[in-house]
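Hi there,

Here is the structure I said I would send over. Have a look at it first, and then read on for what turned up.

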Amino acid sequence: MTARSAKAAGPRPARRPSTVRKPRGGRTPGGPRGLHARLRRAWDRPLTAYYLILGGSLLITVLGLVMVYSASQIKALQSGLAPTYFFRKQLLAAVLGGGLLLAASRMPVRLHRGLAYPLLAVSVFLMCLVQIPGIGVAVNGNQNWISLGGPFQMQPSEFAKLALVLWGADLLARKQDKRLLVQWKHLLVPLIPVAFLLLGLIMLGGDMGTAIILTAILFGLLWLAGAPTRLFVGVLGAATLIGALLIKTSANRMSRLACIGATDPGPGDQCWQAVHGIYALASGGFFGSGLGASMEKWGELPEPHTDFIFAITGEELGLAGTLSVLALFAALGYAGIRVAGRTEDPFVRYAAGGVTTWITAQAVINIGAVLGLLPIAGVPLPLFSYGGSALLPTMFAIGLLIAFARNEPAARAALAMRQPAFGRRQAGVRWKTMRRRVKKRPSGER
(Lines give C-alpha, C1' and ligand atoms only; values in the text may rest on other atoms or scores of the structure.)
Protein backbone atom coordinates (compact mmCIF):
# COMPACT_ATOMS: atom_id res chain seq x y z
CA MET A 1 0.00 0.00 0.00
CA THR A 2 1.35 3.44 -0.97
CA ALA A 3 1.52 6.39 1.41
CA ARG A 4 -1.14 8.19 -0.60
CA SER A 5 -3.60 5.35 -0.38
CA ALA A 6 -2.90 4.93 3.35
CA LYS A 7 -3.56 8.62 3.90
CA ALA A 8 -6.81 8.47 1.97
CA ALA A 9 -7.94 5.50 3.93
CA GLY A 10 -7.20 7.20 7.26
CA PRO A 11 -7.20 5.51 10.63
CA ARG A 12 -9.85 2.95 11.30
CA PRO A 13 -12.54 4.00 13.80
CA ALA A 14 -12.45 2.27 17.16
CA ARG A 15 -15.04 -0.47 17.57
CA ARG A 16 -17.86 0.18 20.03
CA PRO A 17 -18.02 -2.07 23.05
CA SER A 18 -20.74 -4.66 22.65
CA THR A 19 -23.82 -3.94 24.74
CA VAL A 20 -26.89 -6.02 25.42
CA ARG A 21 -29.97 -4.53 23.89
CA LYS A 22 -32.83 -3.94 26.23
CA PRO A 23 -36.02 -5.71 25.23
CA ARG A 24 -38.58 -3.51 23.60
CA GLY A 25 -41.93 -2.82 25.18
CA GLY A 26 -40.65 -3.27 28.73
CA ARG A 27 -40.46 -7.03 28.33
CA THR A 28 -38.68 -9.02 30.99
CA PRO A 29 -35.57 -10.90 29.78
CA GLY A 30 -35.67 -14.67 29.73
CA GLY A 31 -33.92 -17.08 32.02
CA PRO A 32 -34.44 -17.77 35.72
CA ARG A 33 -34.20 -14.09 36.64
CA GLY A 34 -36.82 -13.19 34.05
CA LEU A 35 -39.13 -15.95 35.25
CA HIS A 36 -38.73 -14.78 38.84
CA ALA A 37 -39.52 -11.19 37.82
CA ARG A 38 -42.63 -12.25 35.90
CA LEU A 39 -43.88 -14.36 38.80
CA ARG A 40 -43.25 -11.55 41.25
CA ARG A 41 -45.06 -9.04 39.04
CA ALA A 42 -48.03 -11.42 38.67
CA TRP A 43 -48.05 -12.06 42.44
CA ASP A 44 -48.26 -8.32 43.17
CA ARG A 45 -51.22 -7.62 40.88
CA PRO A 46 -54.30 -6.05 42.46
CA LEU A 47 -56.54 -9.06 41.79
CA THR A 48 -54.16 -11.72 43.11
CA ALA A 49 -55.88 -11.99 46.51
CA TYR A 50 -59.31 -12.03 44.88
CA TYR A 51 -58.45 -14.92 42.57
CA LEU A 52 -56.64 -16.86 45.30
CA ILE A 53 -59.62 -16.65 47.67
CA LEU A 54 -62.21 -17.44 45.01
CA GLY A 55 -60.26 -20.17 43.24
CA GLY A 56 -58.74 -21.73 46.34
CA SER A 57 -62.02 -21.97 48.25
CA LEU A 58 -63.89 -23.43 45.26
CA LEU A 59 -61.16 -26.02 44.64
CA ILE A 60 -61.13 -27.06 48.30
CA THR A 61 -64.93 -27.38 48.31
CA VAL A 62 -65.08 -29.41 45.09
CA LEU A 63 -62.26 -31.71 46.17
CA GLY A 64 -63.98 -32.06 49.54
CA LEU A 65 -67.20 -33.18 47.84
CA VAL A 66 -65.27 -35.82 45.90
CA MET A 67 -63.57 -37.11 49.05
CA VAL A 68 -66.81 -37.07 51.09
CA TYR A 69 -68.42 -39.22 48.40
CA SER A 70 -65.48 -41.62 48.43
CA ALA A 71 -65.00 -41.79 52.20
CA SER A 72 -68.65 -42.01 53.27
CA GLN A 73 -70.00 -44.82 51.08
CA ILE A 74 -69.03 -47.66 53.41
CA LYS A 75 -70.20 -45.74 56.47
CA ALA A 76 -73.60 -45.19 54.80
CA LEU A 77 -73.95 -48.85 53.83
CA GLN A 78 -73.05 -49.98 57.34
CA SER A 79 -75.82 -47.71 58.67
CA GLY A 80 -78.38 -49.18 56.25
CA LEU A 81 -78.45 -46.04 54.06
CA ALA A 82 -77.91 -45.39 50.39
CA PRO A 83 -74.24 -45.09 49.37
CA THR A 84 -74.75 -41.47 48.31
CA TYR A 85 -76.62 -40.43 51.48
CA PHE A 86 -73.86 -38.31 53.03
CA PHE A 87 -72.73 -36.98 49.65
CA ARG A 88 -76.21 -35.73 48.77
CA LYS A 89 -76.51 -33.91 52.09
CA GLN A 90 -73.09 -32.35 51.65
CA LEU A 91 -73.91 -31.35 48.08
CA LEU A 92 -77.10 -29.65 49.26
CA ALA A 93 -75.13 -27.79 51.94
CA ALA A 94 -72.54 -26.76 49.33
CA VAL A 95 -75.26 -25.37 47.05
CA LEU A 96 -76.80 -23.40 49.92
CA GLY A 97 -73.34 -22.29 50.99
CA GLY A 98 -72.61 -21.14 47.47
CA GLY A 99 -75.67 -18.90 47.65
CA LEU A 100 -74.46 -17.50 50.98
CA LEU A 101 -70.99 -16.95 49.51
CA LEU A 102 -72.42 -15.07 46.54
CA ALA A 103 -74.68 -12.97 48.76
CA ALA A 104 -71.85 -12.11 51.17
CA SER A 105 -69.50 -11.22 48.32
CA ARG A 106 -72.04 -8.69 46.96
CA MET A 107 -73.01 -7.10 50.28
CA PRO A 108 -71.62 -3.67 51.15
CA VAL A 109 -69.46 -3.36 54.24
CA ARG A 110 -72.11 -1.46 56.18
CA LEU A 111 -74.53 -4.37 55.76
CA HIS A 112 -71.91 -6.78 57.07
CA ARG A 113 -71.53 -4.58 60.10
CA GLY A 114 -75.30 -4.44 60.52
CA LEU A 115 -75.43 -8.25 60.74
CA ALA A 116 -73.01 -8.40 63.68
CA TYR A 117 -75.37 -7.86 66.62
CA PRO A 118 -78.36 -9.86 65.27
CA LEU A 119 -76.11 -12.82 64.45
CA LEU A 120 -74.51 -12.71 67.89
CA ALA A 121 -77.91 -12.60 69.63
CA VAL A 122 -79.28 -15.49 67.55
CA SER A 123 -76.16 -17.59 68.19
CA VAL A 124 -76.39 -17.08 71.96
CA PHE A 125 -80.10 -17.90 71.93
CA LEU A 126 -79.59 -21.11 69.93
CA MET A 127 -76.71 -22.25 72.13
CA CYS A 128 -78.96 -21.77 75.15
CA LEU A 129 -81.62 -23.92 73.47
CA VAL A 130 -79.06 -26.68 73.02
CA GLN A 131 -78.92 -27.17 76.79
CA ILE A 132 -82.71 -27.64 77.13
CA PRO A 133 -83.68 -31.34 77.35
CA GLY A 134 -85.79 -32.44 74.42
CA ILE A 135 -84.40 -29.73 72.12
CA GLY A 136 -80.67 -30.31 72.29
CA VAL A 137 -79.22 -33.48 70.77
CA ALA A 138 -76.06 -35.26 71.95
CA VAL A 139 -73.66 -36.57 69.28
CA ASN A 140 -70.55 -38.53 70.31
CA GLY A 141 -71.01 -37.41 73.90
CA ASN A 142 -71.25 -33.67 73.09
CA GLN A 143 -74.52 -31.83 73.70
CA ASN A 144 -74.20 -29.19 70.98
CA TRP A 145 -76.78 -30.02 68.29
CA ILE A 146 -80.37 -29.01 67.57
CA SER A 147 -82.64 -31.28 65.55
CA LEU A 148 -84.33 -29.59 62.59
CA GLY A 149 -86.57 -32.53 61.77
CA GLY A 150 -85.75 -35.65 59.83
CA PRO A 151 -82.07 -36.25 59.13
CA PHE A 152 -81.12 -32.58 59.44
CA GLN A 153 -79.39 -31.16 62.50
CA MET A 154 -77.69 -27.84 63.24
CA GLN A 155 -74.70 -27.00 65.41
CA PRO A 156 -75.15 -23.40 66.67
CA SER A 157 -71.56 -23.17 67.92
CA GLU A 158 -70.36 -23.15 64.29
CA PHE A 159 -72.32 -19.94 63.69
CA ALA A 160 -70.86 -18.49 66.90
CA LYS A 161 -67.47 -18.35 65.15
CA LEU A 162 -68.88 -16.09 62.43
CA ALA A 163 -70.77 -14.05 65.02
CA LEU A 164 -67.63 -13.43 67.08
CA VAL A 165 -65.69 -12.34 63.98
CA LEU A 166 -68.31 -9.83 62.79
CA TRP A 167 -69.25 -8.50 66.22
CA GLY A 168 -65.65 -8.27 67.43
CA ALA A 169 -64.53 -6.53 64.23
CA ASP A 170 -67.37 -4.00 64.44
CA LEU A 171 -66.70 -3.34 68.14
CA LEU A 172 -62.96 -2.82 67.72
CA ALA A 173 -63.45 -0.68 64.60
CA ARG A 174 -65.84 1.69 66.40
CA LYS A 175 -63.49 1.97 69.36
CA GLN A 176 -60.54 2.63 67.07
CA ASP A 177 -62.44 5.45 65.37
CA LYS A 178 -62.92 7.02 68.82
CA ARG A 179 -59.25 6.39 69.76
CA LEU A 180 -60.23 4.22 72.73
CA LEU A 181 -58.09 1.16 72.04
CA VAL A 182 -55.09 2.72 73.78
CA GLN A 183 -56.86 2.02 77.09
CA TRP A 184 -56.86 -1.52 78.44
CA LYS A 185 -60.43 -1.43 79.70
CA HIS A 186 -61.77 -0.51 76.26
CA LEU A 187 -59.61 -3.16 74.64
CA LEU A 188 -60.88 -5.90 76.91
CA VAL A 189 -64.47 -4.87 77.68
CA PRO A 190 -66.89 -6.04 76.40
CA LEU A 191 -64.89 -8.23 73.98
CA ILE A 192 -63.48 -10.62 76.60
CA PRO A 193 -66.74 -11.06 78.62
CA VAL A 194 -68.80 -11.80 75.49
CA ALA A 195 -66.16 -14.23 74.20
CA PHE A 196 -66.13 -15.98 77.58
CA LEU A 197 -69.94 -16.19 77.46
CA LEU A 198 -69.74 -17.97 74.11
CA LEU A 199 -66.96 -20.23 75.37
CA GLY A 200 -68.96 -21.11 78.48
CA LEU A 201 -72.04 -22.06 76.46
CA ILE A 202 -69.91 -24.20 74.16
CA MET A 203 -68.11 -25.93 77.03
CA LEU A 204 -71.45 -26.77 78.68
CA GLY A 205 -71.94 -29.11 75.74
CA GLY A 206 -68.43 -30.51 76.08
CA ASP A 207 -67.16 -29.28 72.69
CA MET A 208 -63.51 -28.54 73.47
CA GLY A 209 -62.48 -28.31 69.80
CA THR A 210 -64.86 -25.48 68.90
CA ALA A 211 -63.85 -23.65 72.09
CA ILE A 212 -60.21 -23.77 70.95
CA ILE A 213 -61.15 -22.24 67.58
CA LEU A 214 -63.12 -19.45 69.29
CA THR A 215 -60.14 -18.75 71.54
CA ALA A 216 -57.89 -18.52 68.47
CA ILE A 217 -60.29 -16.00 66.88
CA LEU A 218 -60.25 -13.94 70.09
CA PHE A 219 -56.44 -13.89 70.14
CA GLY A 220 -56.37 -12.94 66.46
CA LEU A 221 -58.64 -9.95 67.07
CA LEU A 222 -56.57 -8.82 70.08
CA TRP A 223 -53.37 -9.15 68.06
CA LEU A 224 -54.78 -7.08 65.19
CA ALA A 225 -56.02 -4.47 67.66
CA GLY A 226 -52.46 -3.99 68.88
CA ALA A 227 -52.84 -5.48 72.34
CA PRO A 228 -49.71 -4.94 74.45
CA THR A 229 -47.48 -7.95 74.88
CA ARG A 230 -48.11 -8.12 78.63
CA LEU A 231 -51.87 -8.10 78.10
CA PHE A 232 -51.68 -10.64 75.30
CA VAL A 233 -49.48 -12.98 77.34
CA GLY A 234 -51.79 -12.58 80.33
CA VAL A 235 -54.90 -13.53 78.39
CA LEU A 236 -53.03 -16.40 76.74
CA GLY A 237 -51.82 -17.64 80.12
CA ALA A 238 -55.32 -17.51 81.60
CA ALA A 239 -56.75 -19.42 78.63
CA THR A 240 -53.98 -22.02 78.87
CA LEU A 241 -54.63 -22.50 82.59
CA ILE A 242 -58.39 -22.92 82.05
CA GLY A 243 -57.77 -25.33 79.17
CA ALA A 244 -55.35 -27.42 81.23
CA LEU A 245 -57.88 -27.60 84.06
CA LEU A 246 -60.64 -28.74 81.69
CA ILE A 247 -58.38 -31.39 80.19
CA LYS A 248 -57.19 -32.62 83.59
CA THR A 249 -60.74 -33.11 84.85
CA SER A 250 -61.84 -35.19 81.84
CA ALA A 251 -60.62 -38.75 81.29
CA ASN A 252 -61.62 -38.58 77.60
CA ARG A 253 -59.54 -35.45 76.99
CA MET A 254 -56.60 -36.88 78.90
CA SER A 255 -56.66 -39.99 76.72
CA ARG A 256 -56.64 -37.82 73.59
CA LEU A 257 -53.65 -35.93 74.92
CA ALA A 258 -51.85 -39.22 75.59
CA CYS A 259 -52.34 -40.30 71.95
CA ILE A 260 -50.05 -37.63 70.51
CA GLY A 261 -47.42 -39.43 68.42
CA ALA A 262 -48.83 -42.86 69.29
CA THR A 263 -47.87 -45.80 67.05
CA ASP A 264 -49.85 -48.44 68.95
CA PRO A 265 -53.55 -48.45 69.90
CA GLY A 266 -52.58 -48.93 73.55
CA PRO A 267 -54.60 -50.43 76.37
CA GLY A 268 -58.30 -50.55 75.62
CA ASP A 269 -57.58 -49.29 72.05
CA GLN A 270 -57.80 -45.71 73.33
CA CYS A 271 -55.52 -44.51 70.50
CA TRP A 272 -57.23 -46.59 67.80
CA GLN A 273 -58.37 -43.60 65.74
CA ALA A 274 -55.06 -41.75 65.91
CA VAL A 275 -53.02 -44.83 64.97
CA HIS A 276 -55.24 -45.86 62.06
CA GLY A 277 -55.08 -42.30 60.75
CA ILE A 278 -51.31 -42.70 60.55
CA TYR A 279 -51.77 -46.12 58.90
CA ALA A 280 -53.96 -44.53 56.21
CA LEU A 281 -51.42 -41.82 55.45
CA ALA A 282 -48.50 -44.28 55.43
CA SER A 283 -50.17 -46.71 53.03
CA GLY A 284 -50.90 -43.99 50.45
CA GLY A 285 -47.35 -43.52 49.19
CA PHE A 286 -46.65 -40.72 46.76
CA PHE A 287 -49.71 -41.03 44.51
CA GLY A 288 -52.12 -43.05 46.63
CA SER A 289 -54.00 -46.28 46.11
CA GLY A 290 -56.58 -44.62 43.86
CA LEU A 291 -59.83 -42.81 44.40
CA GLY A 292 -62.27 -45.08 46.24
CA ALA A 293 -59.64 -47.74 47.00
CA SER A 294 -59.08 -46.92 50.67
CA MET A 295 -58.94 -49.86 53.07
CA GLU A 296 -59.16 -47.90 56.32
CA LYS A 297 -62.66 -46.63 55.59
CA TRP A 298 -63.97 -50.20 55.76
CA GLY A 299 -64.69 -49.88 59.48
CA GLU A 300 -61.08 -49.51 60.65
CA LEU A 301 -60.91 -45.69 60.88
CA PRO A 302 -63.73 -43.96 62.80
CA GLU A 303 -65.19 -40.78 61.29
CA PRO A 304 -63.50 -41.21 57.88
CA HIS A 305 -65.69 -38.57 56.19
CA THR A 306 -65.60 -35.92 58.95
CA ASP A 307 -62.66 -35.38 61.31
CA PHE A 308 -60.27 -37.81 59.58
CA ILE A 309 -61.09 -37.17 55.93
CA PHE A 310 -57.55 -35.87 55.46
CA ALA A 311 -56.24 -39.36 56.31
CA ILE A 312 -58.48 -40.94 53.64
CA THR A 313 -57.25 -38.28 51.20
CA GLY A 314 -53.66 -39.30 51.94
CA GLU A 315 -54.47 -42.98 51.46
CA GLU A 316 -56.33 -42.56 48.16
CA LEU A 317 -54.52 -39.57 46.60
CA GLY A 318 -51.15 -40.01 48.29
CA LEU A 319 -48.63 -37.37 49.23
CA ALA A 320 -49.46 -35.43 46.06
CA GLY A 321 -53.09 -35.08 47.15
CA THR A 322 -52.32 -34.03 50.71
CA LEU A 323 -49.72 -31.50 49.59
CA SER A 324 -52.24 -30.06 47.15
CA VAL A 325 -54.75 -29.57 49.98
CA LEU A 326 -52.07 -27.95 52.14
CA ALA A 327 -51.06 -25.64 49.28
CA LEU A 328 -54.66 -24.53 48.76
CA PHE A 329 -55.07 -23.70 52.46
CA ALA A 330 -51.73 -21.89 52.47
CA ALA A 331 -52.80 -19.79 49.47
CA LEU A 332 -56.12 -19.02 51.14
CA GLY A 333 -54.36 -17.96 54.33
CA TYR A 334 -51.88 -15.77 52.46
CA ALA A 335 -54.67 -14.06 50.53
CA GLY A 336 -56.60 -13.34 53.72
CA ILE A 337 -53.52 -11.81 55.36
CA ARG A 338 -52.92 -9.73 52.26
CA VAL A 339 -56.48 -8.37 52.30
CA ALA A 340 -56.19 -7.52 55.99
CA GLY A 341 -52.83 -5.84 55.52
CA ARG A 342 -53.66 -3.65 52.53
CA THR A 343 -56.96 -2.11 53.63
CA GLU A 344 -57.45 1.23 55.34
CA ASP A 345 -60.86 0.29 56.79
CA PRO A 346 -60.42 -0.98 60.38
CA PHE A 347 -63.55 -3.17 60.22
CA VAL A 348 -62.29 -4.86 57.06
CA ARG A 349 -58.89 -5.42 58.64
CA TYR A 350 -60.31 -6.99 61.80
CA ALA A 351 -62.93 -9.08 59.98
CA ALA A 352 -60.49 -10.35 57.33
CA GLY A 353 -57.92 -11.15 60.01
CA GLY A 354 -60.53 -12.92 62.15
CA VAL A 355 -61.78 -15.08 59.27
CA THR A 356 -58.21 -15.95 58.24
CA THR A 357 -57.32 -16.89 61.82
CA TRP A 358 -60.47 -19.02 62.09
CA ILE A 359 -59.91 -21.03 58.89
CA THR A 360 -56.15 -21.36 59.29
CA ALA A 361 -56.28 -22.39 62.96
CA GLN A 362 -59.02 -24.94 62.33
CA ALA A 363 -57.13 -26.45 59.39
CA VAL A 364 -53.91 -26.66 61.44
CA ILE A 365 -55.69 -28.31 64.40
CA ASN A 366 -57.48 -30.86 62.19
CA ILE A 367 -54.43 -31.78 60.08
CA GLY A 368 -52.15 -31.77 63.13
CA ALA A 369 -54.45 -34.27 64.85
CA VAL A 370 -54.46 -36.55 61.79
CA LEU A 371 -50.66 -36.41 61.62
CA GLY A 372 -50.39 -37.27 65.32
CA LEU A 373 -48.79 -33.93 66.21
CA LEU A 374 -51.78 -32.54 68.16
CA PRO A 375 -54.54 -34.09 70.28
CA ILE A 376 -57.74 -35.06 68.48
CA ALA A 377 -59.99 -32.03 68.99
CA GLY A 378 -62.98 -33.20 66.94
CA VAL A 379 -63.04 -30.21 64.58
CA PRO A 380 -63.71 -30.66 60.83
CA LEU A 381 -61.38 -29.56 58.07
CA PRO A 382 -62.87 -26.27 56.77
CA LEU A 383 -64.70 -26.49 53.42
CA PHE A 384 -63.51 -30.10 53.10
CA SER A 385 -65.03 -32.35 55.76
CA TYR A 386 -68.63 -33.53 55.86
CA GLY A 387 -71.00 -31.30 57.82
CA GLY A 388 -73.44 -28.65 56.67
CA SER A 389 -73.40 -26.74 59.96
CA ALA A 390 -69.68 -26.12 59.51
CA LEU A 391 -69.81 -25.53 55.76
CA LEU A 392 -72.52 -22.82 55.67
CA PRO A 393 -70.90 -20.22 57.98
CA THR A 394 -67.47 -20.97 56.53
CA MET A 395 -68.63 -20.24 52.99
CA PHE A 396 -70.31 -17.04 54.18
CA ALA A 397 -66.97 -16.06 55.74
CA ILE A 398 -65.22 -16.78 52.43
CA GLY A 399 -67.76 -14.48 50.78
CA LEU A 400 -66.69 -11.78 53.24
CA LEU A 401 -63.06 -12.15 52.15
CA ILE A 402 -64.09 -12.00 48.48
CA ALA A 403 -66.11 -8.82 49.10
CA PHE A 404 -63.18 -7.22 50.91
CA ALA A 405 -60.74 -8.21 48.15
CA ARG A 406 -63.05 -6.79 45.47
CA ASN A 407 -63.47 -3.48 47.31
CA GLU A 408 -59.79 -2.57 47.29
CA PRO A 409 -59.35 0.57 45.12
CA ALA A 410 -56.81 -1.10 42.82
CA ALA A 411 -58.95 -4.23 42.55
CA ARG A 412 -62.06 -2.20 41.69
CA ALA A 413 -60.17 -0.40 38.94
CA ALA A 414 -58.82 -3.66 37.55
CA LEU A 415 -62.27 -5.28 37.58
CA ALA A 416 -63.80 -2.25 35.85
CA MET A 417 -61.22 -2.53 33.05
CA ARG A 418 -62.08 -6.19 32.55
CA GLN A 419 -65.78 -5.66 31.87
CA PRO A 420 -66.81 -7.65 28.76
CA ALA A 421 -66.91 -5.46 25.66
CA PHE A 422 -68.87 -7.83 23.39
CA GLY A 423 -72.35 -6.53 22.77
CA ARG A 424 -71.59 -3.26 24.55
CA ARG A 425 -72.66 -0.10 22.69
CA GLN A 426 -71.03 3.25 23.26
CA ALA A 427 -72.21 6.67 22.18
CA GLY A 428 -71.50 7.08 18.47
CA VAL A 429 -69.40 3.87 18.24
CA ARG A 430 -70.32 0.32 17.26
CA TRP A 431 -68.26 -2.85 17.27
CA LYS A 432 -67.50 -4.61 14.01
CA THR A 433 -66.24 -8.11 13.47
CA MET A 434 -62.78 -6.64 12.81
CA ARG A 435 -60.62 -5.34 15.61
CA ARG A 436 -60.96 -1.65 14.78
CA ARG A 437 -63.95 0.43 15.83
CA VAL A 438 -65.92 2.24 13.16
CA LYS A 439 -67.95 5.41 13.60
CA LYS A 440 -71.68 4.78 13.43
CA ARG A 441 -73.15 6.21 10.26
CA PRO A 442 -76.28 8.34 10.43
CA SER A 443 -79.51 6.68 9.35
CA GLY A 444 -80.08 6.78 5.62
CA GLU A 445 -76.42 7.07 4.69
CA ARG A 446 -75.09 4.43 2.33
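A word on naming before anything else: helices here are DSSP runs of H or I with at least four residues, numbered from the N terminus. Please also keep in mind that this is a predicted model.

With that naming in hand, let me start at α15, which covers residues 346-370. Its 25 residues reach 36 Å from the first C-alpha to the last, close to the 36 Å expected at 1.5 Å a residue. At the start of the helix, a side-chain oxygen of D345 comes to within 3.0 Å of the backbone nitrogen of F347. After the other end comes G372, whose phi is positive, near 80°. Most of α15 is covered, with 22 of its 25 residues buried.

The largest nonpolar core holds 112 residues, and the ones with the most contacts inside it are I53, L222, I398 and F404. The largest share of this core comes from α15, which supplies 13 residues. Around I53, leaving out neighbours within four places in sequence, the contacts are L332, A335, V339, I398, L401, I402 and A405. There is also a second, separate core of 5 residues, with L126, L129, I146 and M154 among them.

Next, α3, which runs over residues 48-78.

K297 sits in the loop between α13 (272-284) and α14 (309-342). Is K297 buried or exposed? Its relative accessibility is 5%, so K297 counts as buried, the cut-off being under 20%. The side chain of K297 reaches the backbone oxygen of S70 at 2.7 Å. Setting aside residues up to four places away in sequence, K297 touches S70, A71, I74, G292, P304, I312 and E316.

Finally, the aromatics. The count comes to 6 aromatic pairs. One of them is Y85 with F86, an edge-to-face pair at 5.1 Å centre to centre and 80° between the planes. F86 also forms an edge-to-face pair with Y386, at 5.2 Å centre to centre and 85° between the planes. F86 lies in helix α4 (residues 85-106) and Y386 in the loop between α15 and α16 (388-406), so this pair ties together parts that are 300 residues apart in sequence. Together, Y85, F86 and Y386 form one aromatic cluster. As for burial, Y85 counts as buried at 19% relative accessibility, F86 is buried with a relative accessible area of 11%, and Y386 is buried with 16%.

Best wishes

Notes. Residues are numbered from 1 along each chain as its sequence is written. This is a predicted model: local features need pLDDT of at least 70, side-chain atom pairs count only at pLDDT 80 or more; totals for chains, interfaces and linings use all residues. Side-chain values use heavy atoms; hydrogens and water are left out. Helices (H or I, at least four residues) and strands (E, at least two) are DSSP runs, numbered from the N terminus. Buried means under 20% relative accessible area, exposed over 50%, partly exposed in between (1.4 Å probe, protein chains only). A polar contact is a pair of N or O atoms within 3.5 Å; within protein, one must be able to donate a hydrogen and the other to accept it, and residues adjacent in sequence count only if both atoms are side-chain atoms. Contact means heavy atoms within 4.5 Å. The expected span of a helix is 1.5 Å times one less than its number of residues. A nonpolar core is a set of buried Ala, Val, Leu, Ile, Met, Phe, Trp, Tyr and Cys residues joined through side-chain atoms within 4.5 Å. Rings of Phe, Tyr and Trp (its six-membered ring) pair if their centres lie within 6.5 Å; planes under 30 degrees apart count as stacked, over 60 as edge-to-face and the rest as tilted.
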